[in-house]
Amino acid sequence: MKKSLELFQQIVHNLLEDETKNPVAEFVPSGELFERMDLDLEEHPISEEDLATILQDLVFKAPRTATNAFFNQLFGGRNDKAILGDLLSVMLNNSMYTYKAAGPMIGVEKAVLRKVCDIIGWDENAGGTFASGGSMTNFMGMLMARDSKQNEARYEGVKNNLTVYTSAESHYSTPKNAAFSGIGRNQVRSIAVDEVGRMDVDALEAAIVQDINEGYVPTLVNATAGTTVLGAFDNVDAIAGICHTYNIWFHVDGAYCGSVIFSKKYTHLLKGLEKVDSFSLNAHKMMGTPLTCSLLMVKDKKYLYDSFSNDASYLYQTDHDDFNLGKTSLQCGRRNDALKFWTLWKSVGTQGLEGMVNKQFELADVARDYVRNHEDYEDFSIDDSISVCFNYKGIPARDLCTLLYEHSQLLVGYGSFGDREFVRLVTINVNNDKDVILNFFATLERFVEENEALFLKNRVSV
Ligand SMILES: *Cc1c(COP(=O)(O)O)cnc(C)c1O
């Protein structure tokens, strides 16, 4: 073990050093991957030395998600305290189903969830759990919605008249989860959005009324806190009113930006959150913890027991079951995803989490201001979002992003809203500062200037 840990230290040391010089890993085309790297598994063991060489090669060629040139995903950066917590959970390898198997780690998970429920403003009836990603916490929300409407569905299967409402800009996990849950993809109503990407509340109500008139049972409204492309926040307060009127489960998908609840300055973007039934957030996005760290909070934990416990009813729960988290989880064996977030939170306090959220919005303002003040850019951003969307010199976004990637310059993605496609710069890495953001634009501009031929080859006029 000691030797392996030394090798770990050495590879990490080399990586950190190399990352400062080469923030983007060498591009390996997928078609050449198996020729260029020794990935085949063989019958016989290899030497420790060869293993070390292969592992370092693998690590060095992997996409570098923590550097100042990575803006591709809704996560980025490296938080040392969160990593420390995660490394310890790997060493301990507790499984989070029973108190017997995880001991005080159960308390760690409970403390994180309790504190988040307090911040939302929920009392001791509230509860929650961790699952293996935002798609899965959203799935759990949907299952509780289904069971709250059709209690017998758990035993007899789903009657095919339940409907789900989510905005056209929401994450694809909602239709996918509708398939998993037996509600069915065709029962998901895609609600139009307004010009800044928020669910059209009137269109939502009209769709619900129409479905009721046609004999459907509206079961779940899924709102989004931070849509995947624009980073828009649906109007939670207004939607809560509609869900109350029609008695529909209300889930808020905060996978991307639900962490605004930690900031006094930005929590207003989720005004009315205390009225929802369930809420998910990914600490592996805005809170910079390693993948995955996905929290699900439920206003009334009875629904968690009803849908996820194998026992007949919540009523049979004993005191002790409060510490046997397997009673309310999606999986059986479960990683300790709480410790990394707890370690970070314990070390920086809630104030520190607030600082992280605020910094992401500050960096987005720097980027948005740059785009809005430079005439070669066309701006598609909305305010109060950490996704900054633009085009440069009319170059198709996907060409620009692909060439920047293939030439190991910058990792940045593109998205679309309406009929326009654009570059999406995500300022989620709190290790970055203003200069890094300005350098992003400088790098992009220099690359375009120096590679005019490339863009011409791709039949793009600069
Ligand atoms: C990232 C994201 C998800 C999915 O979360 P995973 O952890 O990747 O499964 C769901 N909804 C939104 C809005 C997201 O941004």
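# Close-up views of the predicted model

**View A. Asn247 sits in the loop between helix H11 (236-246) and strand S6.** Helices (H or I, at least four residues) and strands (E, at least two) are DSSP runs, numbered from the N terminus. This is a predicted model, in which local features need pLDDT of at least 70, side-chain atom pairs count only at pLDDT 80 or more, and totals for chains, interfaces and linings use all residues. Residues are numbered from 1 along each chain as its sequence is written, and side-chain values use heavy atoms, with hydrogens and water left out. Asn247 is not a glycine, yet its phi is positive, at about 55 degrees. The residue is exposed, with 56% relative accessibility. Buried means under 20% relative accessible area, exposed over 50%, and partly exposed in between (1.4 Å probe, protein chains only).

**View B. Ser408 is another residue with a positive phi that is not a glycine.** Its phi is about 50 degrees. Ser408 belongs to the loop that runs from helix H14 (397-406) to strand S11 (411-417). Its relative accessible area is 25%, so Ser408 counts as partly exposed.

**View C. Leu291 and Thr292 are joined by a cis peptide bond.** Omega is about -20 degrees at this bond. Thr292 is found in the loop between S7 and strand S8 (294-298).

**View D. Ala232 is buried in the loop between strand S5 and H11.** Strand S5 covers residues 217-224. The relative accessible area of Ala232 is 2%. Which residues does Ala232 touch, not counting residues up to four places away in sequence? They are Val196, Gly197, Arg198, Thr224, Ala225, Gly226, Thr227 and Ile382. Contact means heavy atoms within 4.5 Å. Gly197 lies 35 residues from Ala232 in sequence. In space, their C-alpha atoms are 5.7 Å apart.

**View E. Asp86 and Arg335 pair through their side chains in a salt bridge.** Their N to O distance is 3.1 Å. This pair links distant parts of the chain, 249 residues apart. Asp86 is in helix H4 (residues 80-92). Arg335 is in the loop between helix H12 (302-308) and helix H13 (338-373). A salt bridge is a side-chain nitrogen of Lys or Arg within 4 Å of a carboxyl oxygen of Asp or Glu. Is Asp86 buried or exposed? Asp86 has 9% relative accessibility and is therefore buried. Arg335 has a relative accessible area of 40% and is partly exposed.

**View F. A salt bridge connects the side chains of Glu354 and Lys264.** The N to O distance is 3.2 Å. These residues, too, come from distant parts of the chain, 90 residues apart. Glu354 belongs to helix H13. Lys264 belongs to the loop between strand S6 (249-254) and strand S7 (278-282). Glu354 is buried at 14% relative accessibility. Lys264 is exposed at 69%.

**View G. Arg372 and Asp379 form a salt bridge.** Their closest N and O atoms are 2.7 Å apart. Arg372 is partly exposed, with a relative accessible area of 39%. Asp379 is also partly exposed, at 28%. Elsewhere, salt bridges with shared partners join Asp86, Arg335, Asp337 and Lys340 into one network. In total, the structure has 25 salt bridges.

View H. Along its principal axes, the C-alpha trace spans about 65 × 55 × 45 Å. Of the 462 residues, 49% are buried. Among contacts with a separation of 6 or more, 70% are between residues 24 or more positions apart. The accessible surface is about 21800 Å². Carbon and sulfur atoms account for 50% of that surface. Accessible areas come from the Shrake-Rupley method with a 1.4 Å probe; for residues, only the protein chains shown count as cover.
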